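Reader: I have the sequence and the model open. Could you walk me through the fold, one question at a time?

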Amino acid sequence: MANNLEKLKQVLVKEGLRFTCQREEVWKEILSSNEHRDADEIYHSLRKKAVSVSRATVYRTIDVLVKNNMVRKLDVGIGPNKFEHKMGIKHHDHIICMKCGKIEEFVVNQIEKLQKKVAEEYGFKLGRHNLQLFGICKDCQ
Ligand SMILES: [Zn+2]
Ligand SMILES: [Zn+2]
């Protein structure tokens, strides 16, 4: 947690933004859950905990965290983007239901290897990747 807080401070400095307890609360709130939540859900969760923070601050802070690779943004196709933090989280990919927006996480070693291979074939050294599959979940079929 201390390290994660340090990270936030560094990033805010880099972005020319002030470190405020509101921004700290937003970051803590994101870190407190492994769910995929949209910005409004994060905002409402903060309000429920009686943290006084504006919607604009929540949105702006999330943008900065995404930009600095601390939070992953998932474009789920329907509804707003979802977010999850990336601190100490093992790499995973996502499969998303196009009807209800349900998100499942998966890792398939063969796919991971294949992506590296594809990158190499194109003369790239793979940094990171973002794989999202879209379909219709069991409940929605
Ligand atoms: Zn569904
Ligand atoms: Zn995830």
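This is a predicted model: local features need pLDDT of at least 70, side-chain atom pairs count only at pLDDT 80 or more; totals for chains, interfaces and linings use all residues.

Reader: How many residues of domain 1 are in contact with domain 2?

Author: The domain bounds come from an automatic or database domain assignment, which gives domain 1 (1-89) and domain 2 (91-141). Their centres, taken over C-alpha atoms, are 23 Å apart. Contact here means that the C-beta atoms of two residues, placed from the backbone, lie within 7 Å. By that rule 7 residues of domain 2 are touched, and the number on the side of domain 1 is 7.

Reader: And by class, what does the side of domain 1 that touches domain 2 have?

Author: For the classes, Ala, Val, Leu, Ile, Met, Phe, Trp, Tyr, Cys and Pro count as nonpolar, Asp, Glu, Lys and Arg as charged, and the others, Gly among them, as polar. Sorted that way, the side of domain 1 that touches domain 2 has 3 nonpolar, 3 polar and 1 charged residues.

Reader: Is helix 1 oblique or roughly perpendicular to helix 2?

Author: Two packed helices are described by the angle between their axes and the distance between the axes. Axes are lines fitted to C-alpha atoms, for helices over the stretch in contact, and angles run from 0 to 180 degrees between N-to-C directions; under 35 degrees counts as roughly parallel, over 145 as roughly antiparallel, 65 to 115 as roughly perpendicular and the rest as oblique. Helix 1 (residues 2-14) and helix 2 (residues 21-31) have axes 11 Å apart and an angle of about 130 degrees. That angle makes helix 1, relative to helix 2, oblique.

Reader: Which residues of helix 2 make that contact with helix 1?

Author: From helix 1 come Asn-4, Leu-5, Leu-8 and Leu-12. By class, the contact of helix 1 with helix 2 has 5 nonpolar, 1 polar and 2 charged residues. The residues on the side of helix 2 are Arg-23, Glu-24, Trp-27 and Leu-31.

Reader: Are helix 2 and helix 3 roughly perpendicular or roughly parallel to each other?

Author: The axes of helix 2 and helix 3 are 10 Å apart, at an angle of about 110 degrees. Glu-25, Val-26, Glu-29 and Ile-30 of helix 2 meet Ile-42, Ser-45 and Leu-46 of helix 3. Given that angle, the two helices are therefore roughly perpendicular.

Reader: How do the residues of the contact of helix 3 with helix 4 divide by class?

Author: The axes of helix 3 and helix 4 (residues 55-67) come within 10 Å and cross at roughly 125 degrees, which makes helix 3 oblique to helix 4. The contact joins Ala-39, Ile-42, Tyr-43 and Leu-46 of helix 3 to Arg-55, Val-58, Tyr-59 and Ile-62 of helix 4. Those residues divide into 7 nonpolar, no polar and 1 charged.

Reader: Leu-46 keeps turning up; is Leu-46 buried or exposed?

Author: A residue is buried if 20 or more other C-beta atoms, placed from the backbone, lie within 10 Å of its own, exposed if 12 or fewer, and partly exposed in between. Leaving aside neighbours within four places in sequence, Leu-46 is in contact with Glu-25, Val-26, Glu-29, Val-51, Val-53 and Val-58. Because Leu-46 has 21 C-beta neighbours inside 10 Å, Leu-46 counts as buried.

Reader: How does Asp-40 count, also in helix 3, with 13 C-beta neighbours inside 10 Å?

Author: Asp-40 lies in helix 3 (residues 39-48). With a count of 13 C-beta neighbours inside 10 Å, Asp-40 is partly exposed.

Reader: What is the phi of Ala-50?

Author: Ala-50 is found in the loop between helix 3 and helix 4, and is exposed, with 6 C-beta neighbours inside 10 Å. Although Ala-50 is not a glycine, its phi is positive, at about 65 degrees.

Technical notes. Residues are numbered from 1 along each chain as its sequence is written. Chains are lettered from A and ligands numbered from 1 in the order in which they are written. Helices (H or I, at least four residues) and strands (E, at least two) are DSSP runs, numbered from the N terminus.
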